Amino acid sequence: MKTMSRFNGVIAFVMLFFCLLGIDALAESNRLKPVTPDYKLSFPLDYGAHDDFRIEWWYITGWLETADKKPLGFQVTFFRYATDSNRDNPSRFAAKYLIIAHLALSDPAAGKLMHVERTVREGFGLAYAKPGDTDVKLDDWTLVREDNGRYVVDMRDSDFGLQLSLTPTQSPMLQDQNGFSRKGPKPEQASYYYSEPHLSVSGTVFRNDKPIAVTGRAWLDHEWSTAYLDPEADGWDWVGANLDDGSALMAFQIRAKQGGKVWAYAALRDASGNMTLFDPDQVEFTPVRMWQSPHTEAVYPVEMRIRTGDIEWQLTPLLDDQELDARQSTATVYWEGAVTLTRNKQPAGHGYLELTGYTKPLAL
Amino acid sequence: MNAATVSRWLLWGEWRAHWLQIVTALLAIAIGIAMAFSIHLINTAAFNEFSAASKSLSGQSDLQVQGRTAFFDEALYPRLADYDGVALANPVLELDVSVPGKQQNRNDHRLKIIGTDMFRSMQIAPDLLGLTEEGKTLDRVASDTVFLSPAAMEWLQVQQNDTLQLHAGLETVSLRIAGGLVRARAGQRIAVMDIGALQWRFQQLGVLSRIELKLRDGVNHAAFKAQLASDLGESFVVAEAQDQEKRIANMSRAYRVNLNMLALVALFTGTFLVFSTQALSVVRRRQQFALLRVLGVTRAQLLRQIAMEGLTLGVLGSLLGLALGYTVALLAIQLLGGDLGTNFFPGVKPGIHFDPPTALLFLGIGIAVTLLGSIIPALEAARAKPALALRSGSEDTAMAKLSTPWFALICLTVALLFTQLPPIFELPIFGYLAISLLLIGGIALMPHFTGRFFSSVLRRWPQYRGNIVSTLALARLANAPNQAAIALGGILASFSLMVAMAIMVTSFRVSIDSWLGQVLPADVYVRTASSGDQGGFPPDAQQAIAALSGFNRIDFFRTQQLTLDPNRPDITLFARPVDRADARNTLPMTDDMLTPGSIPSNAMPVWISEAIVDLYGYRVGDTIKLPVGAASNEFLVAGVWRDYGRQFGAIQMLLSDYQALTGDLSVNTAAMWLQPDTTSDQALAMLRQLPFGAALEISRSSDLRALSLEIFDRSFAVTYLLEMIAVVIGLLGVAASFSAQTLARVKEFGMLRHIGVLRRQIFALLAAEGGLLTLLGIALGFALGWAISLILVFIVNPQSFHWTMSLHVPWLWLMTIAVILLMSAALTALLSGRRAVSAQVVRAVREDW
Amino acid sequence: MLELRHITKGYAEGRKVLTDLSYRLPAGDYVAIMGESGVGKSTLLNLIAGLDTPDSGEIVIDGAAISSLDDDAATRLRRERFGFIFQAFHVLPHLTLAQNIALPLLLNGNEADARVVRMLEQVGLQGRGDHFPRQLSGGELQRVAIARALIHRPKLVLADEPTGNLDPDTAHEILQLIRAEIKANGATGILVTHSHAAAATADRVLNLTKDGLQAATPGGSA
């Protein structure tokens, strides 16, 4: 769901389709499968793509450090989207699946987010999301999971890009009920969802064709579903963080249109793998500091206090302006940024915060 | 004295006294400029719009890759997308699809559908992105949707969410109109579909029309293009955006140049009229100028005075012409379309843009020709010895200097030489130069010829007896030929052009008519409703057609477009049964062919059109390589046939060879010969009853012939209009010059009235002079026009359109025009001679200055 | 020969030129008419020639009332019985001298015969019948005009300032020639002139004033 916003950002028409018709799509489609609690995730098969579901994404966020100890935030996303409308078309061009990718880099020195997005149809070996193991390609952008579990990302654009290898240091973290992640009050409002926290990163960031060696720590989400968004949903706040003690925190809330929340969830896994799950009423997001975007005049709670059970987390952004204004290309806006966390006021780790639905719904 | 004041007085006085001539001259310049300017405006607008529309389809690509034939395998697409240096590869499938219910307009019943991958094309040709209803953006990649430009919606009378029926081969396809192409150009009739949907629904799976490439920054385009071309081999053509423009320019260049030339001819006739007006006016005022010289006006002042008059005329006339031309262009574009009804620029609606530099250029041309027309008589007037000029009767001597036979003879000789020269840039520049030189030479020779001719008539005339009117008329024409000839110049110019055009058009029409008989020998022609390159009849449909009773013979044709040279428009390839032993039994052959029966049995023969010979240099007996089949194959050029249908060239080959080489067994057209007891209506009914009958375009050859000739006539409508205008200008010239001469001869008429010449005899004299002169002009114009028509038929047409024809003269029509012209000229002479019998004439004898 | 009966002629602008003018000119007379500019000499000549019609009154020539004829009849009368000599000669430039002289014969439906050659001789241009007017001097052109005026043996010759464009010596020759030819052909002649010397070559001199035509006193001023 957090990634849904990214989806928004990436390509507006898909977002509209997804957000407005997402619920009905399940009923309409006799081919795409619903998400059910009885499915048991199995690896490495579920690292790969699931063509029977409408939407699927691989989403990586993380903190990097250059040789001179300068921090950078990055996010890499690949989507697979089933159009579900050209199944009978034998043409190799038939738009059965779309592949969408998004790359963003947060550099405090630059003072704002750099981002680029691409959308193409799957086909001709130019773009695909393969089943079996993570292997996604969009022209020359690739995300591949090697047999040893290491992910390799290669995404270059004209003025920036990155080549990273991300090595797992922990086992996958199956969210909610062993990877069946509820997104709303109704049971069918759900996705399959696992994370790989604490990925150890090394590689190169490119700025204006200049390579900069980097190391760091990242978080990967892989989530797939057919339909799950509640009609009452207004937007969502999400955080995923690698904590310094080796534990991993993920929390989100779906805000209701009338105020309050539709749903919420949080999970904290310690270094030894013990999961603590929090019910919707145990999770609470409280804005601390608001920032108004000079680009869109939207107001975001860029500093947030989150309570999970009796733990209080405070989030501070790497820089305020991590708004992703994609109105020029895809007509949507949200905030997606690197944050530092304190746990009960003690420095605790680094993560990514996503804030969506803070601007008016966008019309094409 | 204040020279400027005198100058003004003189100018004003002259114009007030002879306002009719001044108005005529103004009109002549204005019409000439207006013709030239409006044609230029229309052509430029149409061409630019057509070019812009084509460009909007290909967007801002750096390179385009196309096959030699219309379609190629889509496997090239991933190869190019991954090719080093390519930033973006945009695959495009483009089809011209037949619209049910629009077939009656055979020339204009297709809708261009562009199949794109919007994710690729939006970065290279954003204008082709369809606008969907809110929330239905996925319609852009759906398999059942189409997006239409506003002009296409208007043409098809549909709107968003309507269902559009289109023919695809033998089937009918229904598509939902999901939205518009709001950024399409005005009048641009196009549709956009998802490329996958287009491939599937229109049975073109696996093929593309072209791939547009955007290169990475810093890639050397020329080097990349060369490398890619050599990697892809000769089955593909790599072209730059400029090449595309050149190709479009090439397509209509001959048409545009020829129309411009016609416009210049109108301007030329106008110029001549200015010249004659000025010359006559100067001659008439010789005594006045002589007086001024006596009073102390210098030569230079006099020259300036006359040039000033010309300049004023030129400026006023040209400005009037520009305004007129602009208006005409606006009207013509609205009424006839940008190609003036010729269909050279289909599917665009150009707007006329006033372009100041061009307007200035035409203003300059107008002023220059007027000045030129004034300067020559002005020089003569300035050089004249005042004492001599003061005496009456010296006018014709003055005119004699304006026309030496040497000049005329040189013009004619050079014209003759020019007819022997080859085209420049594939345009018949020398042919047109020869035409103008013939005209100039012919007109310059006119006085000489008039004098000689009427002198000899006069010598044979029963001198001192009989009809005094004819004696007077002949004597005048024989002994004062120069003034007479000037009056004639306009008529000569316009009539000879008319004769030339009439002979050319008739020759063309007769040739086309007999050619149509040869190329449409069957009774009924059946095409699939889809167009050109899509082979419409699969083998089973062919069998169904062949199984029909009532036909003696059925031939199947496969036609498609072939790119031989990326800079030139595509040629047309016909694969059909041809009598291998003697192609004359099948095709309208020229004499240039191999001896019947001499084609080696192992050779694959092709028969090429004349345009192929001119454009590609292939000769009979040559072995040529053509991109037919998987690789290029060798063919033997067995003969040259005549083709008036495709000026960019066409090649005929055996259907059996084609099928063996390509494995493509589908055909586009079936030519069917009826059995004697079958009527064409019965045949049509049988064809309609076939399972795929609804999707067939069935035409009787008689209808096709009628339609072709109708299109032909429409193309030449503008030509006829130009001719008429030239003739009207010529008649205006006769009117102007006769009324000027009547005025100059007022004393002569006064004396004649004194010594007992009747009023009606004066009228008869004027009519006789006008008539005789026009008769000679017509005779001479006919000779000149015939010579010009030879240049048009045998030089201009083959060089610009690459077809030859035989000469045919429309005698009846020319005779009718000649009689009408003769009568109008005599009438004009009469009308303008009204003053010759007025009361002032009588007094004029006594009012010597 | 010529009788003017109560001729009145005015113009549109209201100016009366001739008022109740009467005069009788016997056949065979050769008279000169003098008068101030604007007194109506030209008008009178036009009326006599039938080129204009009087407002009232009658002009009778040789028994025919030319003033009441229509244009065609007047023209025919003119071509048969009149000869004209103009100040500016008015010889057609594109006709030869012989052709110019022969014009009246052709107009009257006769053939151009030996008379043309004889006439050329009489006016001193023998052998030059094939020449064109542009090759001639002013005096010679007026000789051609005289020949043209007399070739068809007209009853009445009207000469309007025939020497106005000529030098005195040539003028004298021409006046003598006109007189001689009129007399030789037995015609009646009217010479309109400003010149006393010219007028003196006529039989009598008449003064045109607003009171009418009166015989000038010999030697008196006009």
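This is a predicted model: local features need pLDDT of at least 70, side-chain atom pairs count only at pLDDT 80 or more; totals for chains, interfaces and linings use all residues.
**Entry 1: H15 and H16 of chain B**

On the H15(B) side I listed B:Thr450, B:Gly451, B:Phe454, B:Ser455, B:Val457 and B:Leu458. They meet B:Leu474, B:Ala475, B:Leu477 and B:Ala478 of H16(B). I sorted this contact by class and got 7 nonpolar, 3 polar and no charged residues.

Next I looked up the geometry. H15(B) covers residues 429-460, and H16(B) covers residues 468-479. Their axes come within 7 Å and cross at roughly 145°. I noted the crossing as left-handed.

**Entry 2: H11 of chain B**

I stayed in chain B and turned to H11(B), residues 356-383. This helix has 28 residues. From first C-alpha to last I read 39 Å, close to the 40 Å expected at 1.5 Å a residue. Where does H11(B) bend? I found a bend of about 25° at B:Ile375. A proline, B:Pro377, follows within four residues.

**Entry 3: chain B against chain C**

I then checked what chain B puts against chain C. The contact takes 23 residues from chain B and 30 residues from chain C. H16(B) and H24(B), residues 746-754, each supply at least two residues of the chain B side. Which helix gives the largest share of that side? I found H16(B), with 5 residues. By class, the chain B side divides into 10 nonpolar, 6 polar and 7 charged residues.

**Entry 4: chain B against chain A**

I repeated the check for chain A. Here 20 residues come from chain B and 22 residues from chain A. H3(B), residues 76-81, and H6(B), residues 195-201, each supply at least two residues of the chain B side. H6(B) gives the largest share, 5 residues. I sorted this side into 11 nonpolar, 5 polar and 4 charged residues.

**Entry 5: strands of chain A**

I moved to chain A and followed E13(A), residues 210-225. E1(A), residues 55-66, runs antiparallel to E13(A), and 12 bridges join them. As one pair I noted A:Trp57 with A:Glu223. E13(A) also pairs with E12(A), residues 190-207, in the antiparallel sense over 14 bridges. There A:Leu199 has A:Ala218 as its bridge partner.

How many residues lie between the strands in the hairpin of E12(A) and E13(A)? I counted 2. In this hairpin A:Asn208 takes a positive phi near 50°.

**Entry 6: the sheet of chain C**

Last, I looked at an open sheet in chain C. Its 6 strands run in the order E6-E7-E8-E3-E9-E10, and the pairing is mixed. Why is one side of E6(C) and of E10(C) left without a neighbour in the sheet? E6(C), residues 82-85, and E10(C), residues 212-215, stand at the edges, each with a single partner strand, so one side of each stays without a neighbour. Neighbouring strands are turned by 25° against each other on average, direction ignored.

C:Leu206 has C:Ala215 as its bridge partner.

I then checked for helices on the sheet. H1(C), residues 41-48, packs on the sheet and touches E3(C), E7(C), E8(C) and E9(C). The direction of H1(C) makes about 155° with that of E7(C). H5(C), residues 138-150, also packs on the sheet, touching E6(C) and E7(C). I read about 170° between the directions of H5(C) and E6(C).

Note on methods
Residues are numbered from 1 along each chain as its sequence is written. Chains are lettered from A and ligands numbered from 1 in the order in which they are written. Axes are lines fitted to C-alpha atoms, for helices over the stretch in contact, and angles run from 0 to 180 degrees between N-to-C directions. A crossing is left-handed if the near helix is turned anticlockwise from the far one by less than a right angle, and right-handed if clockwise. Two residues are in contact if their C-beta atoms, placed from the backbone, lie within 7 Å. Ala, Val, Leu, Ile, Met, Phe, Trp, Tyr, Cys and Pro count as nonpolar, Asp, Glu, Lys and Arg as charged, and the others, Gly among them, as polar. Two strands pair if DSSP finds at least two bridges between them. The expected span of a helix is 1.5 Å times one less than its number of residues. The bend at a residue is the angle between axes fitted to the seven residues ending there and the seven starting there.
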